[in-house]
Amino acid sequence: MADPLDRREAIRLGVAGLVAGAAVERIRGDEIPRAAAGEVPARPFLTPGKDFTDVSRGSPVPHTLKGEALAKARLTPETWKLEIVAEDKATIDKPVTLDLPALLKLGETHGVRFLKAMQCNNIPRPLGQGLWKGVPLRDVLKLCGKLANTRRLFYWGFHNDKPEQIFKSSLAMSQVLDTPPGELPPFLAYKLNGSPISLERGGPVRMVVPWAHGFKSIKWIHKIILTNNHEANDTYAEKNNDPESYLKTSAHLDDSKEQTFSADKPVIVRGTAMVGWPGLERVEYWLRPDTRTGGKLAEGDPAWAKAEWKPGAIDPLPADWGGLPEGVSPKDVWGFTKEGKPREWPLRFSVAHWTLTLTGLKPGKYELRVRTVDKNGFAQPEPRPNQQSGKNMIPCKLFTVA
Ligand SMILES: Nc1nc2c(c(=O)[nH]1)N[C@H]1C(S)=C(S)[C@@H](COP(=O)(O)O)O[C@H]1N2
Ligand SMILES: [Mo]
């Protein structure tokens with residue numbers, strides 16, 4: 001509560017929009033062609049909380065509750081409580097009931113700000129990108145004293161007190177405690193874009209698991225159980241979803257509608273790329289004359305093998321983060337150095353922007369496809385042993401040069 005920076009953050013919320021241009025830093029080598037300074041018009045970098053695509057189960061959906069019902073559900077800042085207990089053969093020194101002031105207090109010394117796009121494994125587009133703030137779960141678990149015989153952690157949120165509506169998830173204890181240097185741990189998050197997390201986005205407090213698909217980031221979190229059970233209990237383990245999938249890397253078009261461009265100007269096509277845990281090596285495009293199939297190309301079509309993919313341009317690091325809440329500088333955000341420079345660009349778990357500038361195209365109709373290549377050399381839509389480990393396809397845009 002006593003974080004003056006946080007208060008100023010709140011005031012600026014909603015003033016999103018990236019102003020790119022000015023000095024362009026080359027963060028890594030020259031292998032990624034970058035759009036030149038000044039060529040990239042502003043595009044929003046952070047998504048206002050209300051504009052995220054919502055994926056919420058429950059009847060009534062918890063974020064539709066109001067007044068008395070909301071307080072009874074312990075979903076107001078004053079009533080929110082998280083219970084942490086042990087079951088089975090797992091033990092802790094003492095069960096913990098955490099309220100919001102206690103979490104915010106921990107946040108003053110342990111709080112971390114980080115960028116993360118929320119993405120559902122079954123929806124082929126990120127739901128929205130936020131600047132989150134939370135306390136690493138491992139620091140909250142210290143309140144329980146000594147843990148013994150604990151192999152996994154189960155957790156869920158408010159579910160109308162109806163067992164059939166519980167939306168559960170789980171993490172291995174190692175994923176909670178043994179964060180590798182330079183990586184992000186799972187968080188109990190209480191801020192989005194500088195303001196308290198709205199009820200709709202899962203506030204007052206939601207779990208955020210940076211590397212995972214949305215189903216691990218349980219909203220309206222109420223219960224954590226430390227257990228000796230080693231198996232994932234995730235609601236999303238059902239129906240052939242992969243309960244341990246990592247965020248994957250993929251390209252998306254800003255606008256996939258058919259368009260006509262004038263032959264005397266460059267054709268500019270823009271989009272975004274979700275940067276999964278395997279990172280983003282480059283965005284590529286494949287341009288060919290229209291084959292009159294409405295942009296459809298079957299999976300096994302021999303044309304895929306002959307496709308000529310060319311590197312596209314990732315937009316540079318924004319010189320001015322128009323979307324950062326006031327008082328927050330990049331150096332306050334995970335992944336940036338004390339000088340405010342990103343350790344990698346684009347940042348993993350976030351959405352990057354790209355721009356294709358195609359010049360000298362002859363009049364005619366074209367098919368344009370885009371894809372990402374991750375740092376392991378997998379070209380989209382790979383690596384997907386199962387589509388539900390991160391649903392994804394190669395987007396196509398038809399356009400005419402006239
Ligand atoms: N309590 C609860 N948490 C939840 C869900 C839910 O239905 N109930 N849906 C999950 C799924 S499947 C996704 S993809 C994300 C979506 O987050 P968003 O609605 O903030 O975009 O929330 C996750 N957390
Ligand atoms: Mo999801």
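Predicted model: local features only at pLDDT ≥ 70, side-chain atom pairs only at ≥ 80, totals over all residues.
## Ligand 1 and its surroundings

Ligand 1 is surrounded by 18 residues. Thr 53, Arg 57, Arg 201, Arg 206 and Lys 219 are the closest of these. By residue type, the shell consists of nine nonpolar, four polar and five charged residues.

Polar atoms of the protein approach oxygen atoms of the ligand at several points. Lys 219 places a polar side-chain atom 2.5 Å from an oxygen atom of ligand 1. For Arg 201, a polar side-chain atom is 2.8 Å from an oxygen atom of the ligand. Arg 57 takes part through its backbone: one of its polar backbone atoms is 2.7 Å from an oxygen atom of ligand 1. On its own, ligand 1 has 530 Å² of accessible area, and the protein covers 99% of that area.

## Aromatic pairs

The model contains 13 aromatic pairs, counting rings whose centres lie within 6.5 Å. One of them joins Phe 45 and Trp 345, with 6.3 Å from centre to centre and 25° between the planes. This pair counts as stacked because planes under 30 degrees apart are classed that way.

The two residues of this pair come from distant parts of the chain, 300 residues apart. Phe 45 sits in the loop between helix H1 (4–12) and helix H2 (67–72), while Trp 345 sits in the loop between strand S18 (313–314) and strand S19 (351–358). Phe 45 and Trp 345 are both buried. Elsewhere, a single aromatic cluster is made up of Trp 211, Tyr 246, Trp 277, Trp 334 and Phe 349.

## Strands S4 and S5

Strand S4 covers residues 112–118, and six of its seven residues are buried. Its partner here is strand S5 (residues 128–136); the two strands are antiparallel and connected by seven bridges. Within this pairing, Lys 116 is bridged to Gly 130 in S5.

## The four-stranded sheet

An open sheet of four strands has the order S13-S15-S19-S18, with antiparallel pairing. Strand S13 (250–253) and S18 are the edge strands, and each of them pairs on one side only.

Inside this sheet, strand S15 (residues 267–274) is joined to S19 by eight bridges, in the antiparallel sense. Val 267 has Leu 358 of S19 as its bridge partner.

## The five-stranded sheet

A second open sheet has five strands in the order S14-S21-S20-S16-S17, and here the pairing is mixed. Strand S14 (259–261) and strand S17 (310–311) each have a single partner strand, so one side of each has no neighbour in the sheet.

S17 is joined to strand S16 (residues 282–289) by two bridges, and these strands run antiparallel. One residue pair in this contact is Glu 284 with Pro 311, its bridge partner in S17.

## Gly 360

Gly 360 belongs to the loop between S19 and strand S20 (364–373). S19 is part of the four-stranded sheet, and S20 is part of the five-stranded one. Gly 360 has a relative accessibility of 77% and therefore counts as exposed, the cut-off being over 50%.

Gly 360 and Lys 265 are 95 residues apart in sequence. In space, their C-alpha atoms are 8.5 Å apart.

Key
Residues numbered from 1 in each chain as written. Chains lettered and ligands numbered in written order. Heavy atoms only, no water. Phe/Tyr/Trp six-rings, centres within 6.5 Å; stacked < 30°, edge-to-face > 60°. Buried < 20%, exposed > 50% of the residue type's maximum accessible area, 1.4 Å probe, protein only. Near = heavy atom within 4 Å. Polar contact = N/O pair within 3.5 Å; in protein donor to acceptor, adjacent residues only side chain to side chain. Areas by Shrake-Rupley, 256 points an atom, 1.4 Å probe, with all protein chains shown as cover. Nonpolar A, V, L, I, M, F, W, Y, C, P; charged D, E, K, R; others polar. Pairing = 2+ DSSP bridges.
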